[in-house]
Amino acid sequence: MTTTTGTGLSPRALARQRRRASVARFWRQYRAERAGLYGLTALVLCALLALFAPLFVGSDVSSVTDAPGRPMQSPSTEFPLGTDQFGRDLLGLVVWGSRVSLLVGLLAAVLSVAIGTLIGVTAGHFKGWYATVMMRITDWFLVMPTLVLAIALATVMSRSLTTTVVAIGVTTWPTTARLVRAQTLAVETRPYIERAKALGGGHWHIMSRHVLPNVMPLVLAQTTLIISSAILAEATLAFLGLGDPTVVSWGGLLQDAREAGAVSAGDWWYLVPPGIAIAVVALAFTLCGRAVESVLNPRLGVSR
């Protein structure tokens with residue numbers, strides 16, 4: 001027999017109704033953030049472009065042997081963004097490179113936030129020697145230059161997309177860990193946590209059912225902010241020649257342009273398009289992150 005509440009709905013139906021109302025309320029508040037809407041629009045367009053890139057340019061766009069043009073052609077009606085040192089269409093390369101750059105940025109950000117959330121929640125819950133050790137490790141990562149650590153990891157590991165994701169993810173989590181631990185400590189002082197402990201709730205129950213749902217808004221906002229940094233880090237590693245040489249990415253295009261002498265030769269079309277793409281996507285994620293942060297935690301005082 002299914003129990004119902006005073007509204008005539010079952011507990012599960014009532015929970016779904018509340019989640020839908022919460023999502024609708026979030027969207028209403030997010031729409032008031034004009035900068036966030038601009039960022040979201042740009043991200044949707046970039047995501048669609050990356051998703052349907054095979055329909056626009058084809059998977060053979062990176063082929064060196066079947067390049068359609070002459071090396072280093074300036075922009076023209078046939079090649080709107082010119083060609084690279086092998087005669088490949090730069091517009092197609094930029095479109096195809098969006099797939100790798102966005103994918104690596106998203107995966108690295110998810111890995112970074114997952115590590116930071118795990119350490120932050122457990123350190124805030126267990127306290128004692130465990131929290132001390134975890135926070136000292138976090139402090140060590142905070143004072144070390146993130147890019148230097150990522151370069152060191154990418155150097156000693158094989159050059160692949162997995163290496164890039166791991167190198168970025170395991171070096172950018174300390175900020176998330178600090179923020180999540182502070183929020184966890186605040187949540188742990190609330191009366192319902194004491195009631196859960198008095199009723200026999202274990203560590204896993206308290207962390208998963210009470211603490212984690214309350215820190216998720218912070219985690220979501222932090223994720224959107226970290227993605228932009230992860231995309232920039234991927235571009236930096238690729239530019240330094242530490243990315244996967246078999247795939248096309250925006251950072252890899254900049255590395256190819258540097259090796260081809262585009263800077264000294266004044267071949268701006270080889271440098272500007274991938275650079276602008278990186279800047280636009282990073283800015284869009286930052287705008288979305290600040291908008292989400294403002295909606296989920298208006299007490300932070302993020303200006304609208």
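Reply: The largest pocket has a volume of about 350 Å³. Of the 23 residues that line this pocket, D244, P245, V247, G252 and D256 are the closest to its centre. On a 1 Å grid over the protein atoms alone, a pocket is an open set of points where a 1.4 Å probe fits, with protein on both sides within 12 Å along at least five of seven lines, and lining residues have an atom within 4 Å of a point. Grid points are joined across faces, edges and corners, and the volume is the space filled by probe spheres set on the points. This is a predicted model, in which local features need pLDDT of at least 70 and side-chain atom pairs count only at pLDDT 80 or more, while totals for chains, interfaces and linings use all residues. Residues are numbered from 1 along each chain as its sequence is written, and side-chain values use heavy atoms, with hydrogens and water left out.

Me: Which elements give two or more residues to the lining of the largest pocket?

Reply: Helices (H or I, at least four residues) and strands (E, at least two) are DSSP runs, numbered from the N terminus. Here helix 4 (90-126), helix 7 (161-169), helix 10 (203-239) and helix 11 (250-259) each give two or more lining residues. Helix 11 gives the most, with five. The protein as a whole has 13 helices and zero strands, and its C-alpha trace spans about 75 × 50 × 40 Å along the principal axes.

Me: Why does T138 count as buried, and with which residues is T138 in contact?

Reply: T138 counts as buried because its relative accessible area is 0%. This residue is found in helix 5 (residues 128-143). Contact means heavy atoms within 4.5 Å. Leaving aside neighbours within four places in sequence, T138 is in contact with I119, W173, P174, A177 and R178.

Me: Where is F285, and is F285 buried or exposed?

Reply: F285 lies in helix 13 (residues 268-296) and is buried, since its relative accessible area is 11%. Beyond neighbours within four places in sequence, its contacts are L43, L102, L106, T224, I227, S228 and I231. The C-alpha atoms of F285 and G36 are separated by 8.8 Å, although the two residues are 249 apart along the chain. Across the protein, residues 24 or more positions apart account for 68% of the contacts with a separation of 6 or more.

Me: Which residues form the nonpolar patch on the surface?

Reply: A nonpolar patch joins side chains of Val, Leu, Ile, Met, Phe, Trp or Tyr within 5 Å, from residues with over 30% relative accessible area and no salt bridge (a side-chain nitrogen of Lys or Arg within 4 Å of a carboxyl oxygen of Asp or Glu). Accessible areas come from the Shrake-Rupley method with a 1.4 Å probe, and for residues only the protein chains shown count as cover. Here the patch consists of V44, L48, L49, L51, F52, L55 and F56, with about 700 Å² of accessible area together. Helix 2 (34-51) and helix 3 (53-56) each supply at least two of its residues, and helix 2 gives the most, with four. F52 is found in the loop between these two helices and counts as partly exposed because its relative accessibility is 36%.

Key:
Patch = residues over 30% accessible without salt bridge, like charges linked within 9 Å, V, L, I, M, F, W, Y side chains within 5 Å. Buried < 20%, exposed > 50% of the residue type's maximum accessible area, 1.4 Å probe, protein only.
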